[in-house]
Amino acid sequence: MNSRLTLRTAGLLTIAPLLWAGNAIVGRLVHDLVPPMTLNFLRWLLALGILLPLAGPVFGRDSGLWRHWRRYALLGLLGVGMYNALQYLALQTSTPINVTLVAAGMPVWMMATGWLFFGASVSRKQMIGAVLSIGGVLVVLARGEWHHLMELRLVAGDLFMILATIAWSLYSWLLIRTSEPAELKSNWASFLVAQVGFGVAWSGLFAAGEWAFTDAVIHWNGTLLAALVYVAIGPAIIAFRCWGAGVQQAGPAIGAFFSNLTPLFAALMSSAFLGEAPHIYHGIAFALIVGGIVVSSRRAS
């Protein structure tokens with residue numbers, strides 16, 4: 001792992017939150033059409049179908065995957081089965097802006113997870129970067145006027161997003177452990193398929209429980225089909241590929257600061273959909289978030 005931030009790595013870590021911002025909006029848009037666990041299962045099942053032609057042999061009998069199946073089962077549970085399902089579950093009762101508010105604690109959770117479970121140190125620059133980054137998120141949520149923050153109300157779904165954030169922190173730290181065979185490490189599709197394969201099994205189990213214990217129903221229409229295509233290709237395949245590559249280069253702690261670009265992108269997308277022009281506070285928020293990234297990423301220089 002190289003903790004220095006290059007332009008290429010910054011680009012990879014920026015693409016992921018851009019696509020995840022769209023994921024939050026789309027997830028809220030279709031929350032009345034499909035149950036959350038089922039949406040997550042269908043999303044990853046479609047993604048697996050797209051990826052298999054690129055890395056089908058990874059599940060072969062002689063594949064090195066099976067010597068490390070516990071690692072990939074855990075990655076699939078945390079990154080595919082839990083994080084996305086909990087996010088969609090949160091969007092059933094919470095709004096995208098509340099979900100992004102809760103997720104703004106990602107840098108703190110990432111640093112705490114690294115310190116508690118992976119022996120990572122926390123520097124003063126990282127703490128300063130976290131304050132700047134979260135401050136930028138608050139500027140977006142306040143829409144430039146701090147009294148708007150008092151209007152935000154946390155609901156039950158926000159607890160699910162806290163759990164999702166913790167799961168993603170553990171997932172990101174596990175990504176930098178590169179003990180897998182060379183045939184998996186050298187092929188991004190194989191590395192991702194190994195995770196997604198187990199993740200589909202986990203998400204399928206969760207979806208089965210949803211249908212067994214709730215009044216689950218799917219309302220198929222063009223909007224849902226388009227949403228499935230987007231969340232399977234963009235926030236799933238492309239974002240996971242970019243995030244995985246970026247985290248392995250820069251480290252989970254630095255990557256966490258980029259995740260705080262998600263609410264900024266979500267606000268800009270919402271403005272675009274509503275026909276509103278960007279405001280000056282978007283620029284202020286962007287400067288604070290990027291400032292947090294710059295400060296935190298210079299800890300090893």
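A polar contact is a pair of N or O atoms within 3.5 Å; within protein, one must be able to donate a hydrogen and the other to accept it, and residues adjacent in sequence count only if both atoms are side-chain atoms. You will need that at the second stop.

This is a predicted model, in which local features need pLDDT of at least 70, side-chain atom pairs count only at pLDDT 80 or more, and totals for chains, interfaces and linings use all residues. Residues are numbered from 1 along each chain as its sequence is written, and side-chain values use heavy atoms, with hydrogens and water left out.

**Whole chain.** Show the chain as a cartoon. It has 13 helices and zero strands; both are DSSP runs, helices being H or I of at least four residues and strands E of at least two, numbered from the N terminus. Of the 301 residues, 53% are buried. Buried means under 20% relative accessible area, exposed over 50%, and partly exposed in between (1.4 Å probe, protein chains only).

**Helix H6.** Select residues 124-142, then pick Gln 126 within that helix. Gln 126 counts as buried because its relative accessibility is 3%. Its side chain reaches the backbone nitrogen of Ser 123 at 3.0 Å.

**The core.** Select Trp 44, Met 161, Trp 168, Tyr 171 and Trp 243. These have the most contacts inside the largest nonpolar core, which has 79 residues. H10 gives the largest share of this core, 12 residues. A nonpolar core is a set of buried Ala, Val, Leu, Ile, Met, Phe, Trp, Tyr and Cys residues joined through side-chain atoms within 4.5 Å.

Now centre on Tyr 171. Which residues does Tyr 171 contact, leaving aside its neighbours within four places in sequence? They are Leu 75, Leu 78, Gly 79, Gln 195, Phe 240 and Trp 243. Contact means heavy atoms within 4.5 Å.

**Helix H11.** Select residues 252-259. Eight of the eight residues in H11 are buried. Among them are Pro 252, Phe 257 and Phe 258.

**The surface.** Switch to a surface view. Select Ile 15, Leu 46, Ile 50, Val 229, Ile 233 and Ile 238, which make a nonpolar patch of about 440 Å². Helices H2 (36-55) and H10 (222-250) each supply at least two of its residues. The largest share, three residues, comes from H10. Finish on Ile 233, in helix H10. Ile 233 counts as partly exposed because its relative accessibility is 38%.

Conventions: Patches are made of residues with over 30% relative accessible area and no salt bridge: like charges are joined within 9 Å, nonpolar side chains (Val, Leu, Ile, Met, Phe, Trp, Tyr) within 5 Å. Accessible areas come from the Shrake-Rupley method with a 1.4 Å probe; for residues, only the protein chains shown count as cover. A salt bridge is a side-chain nitrogen of Lys or Arg within 4 Å of a carboxyl oxygen of Asp or Glu.
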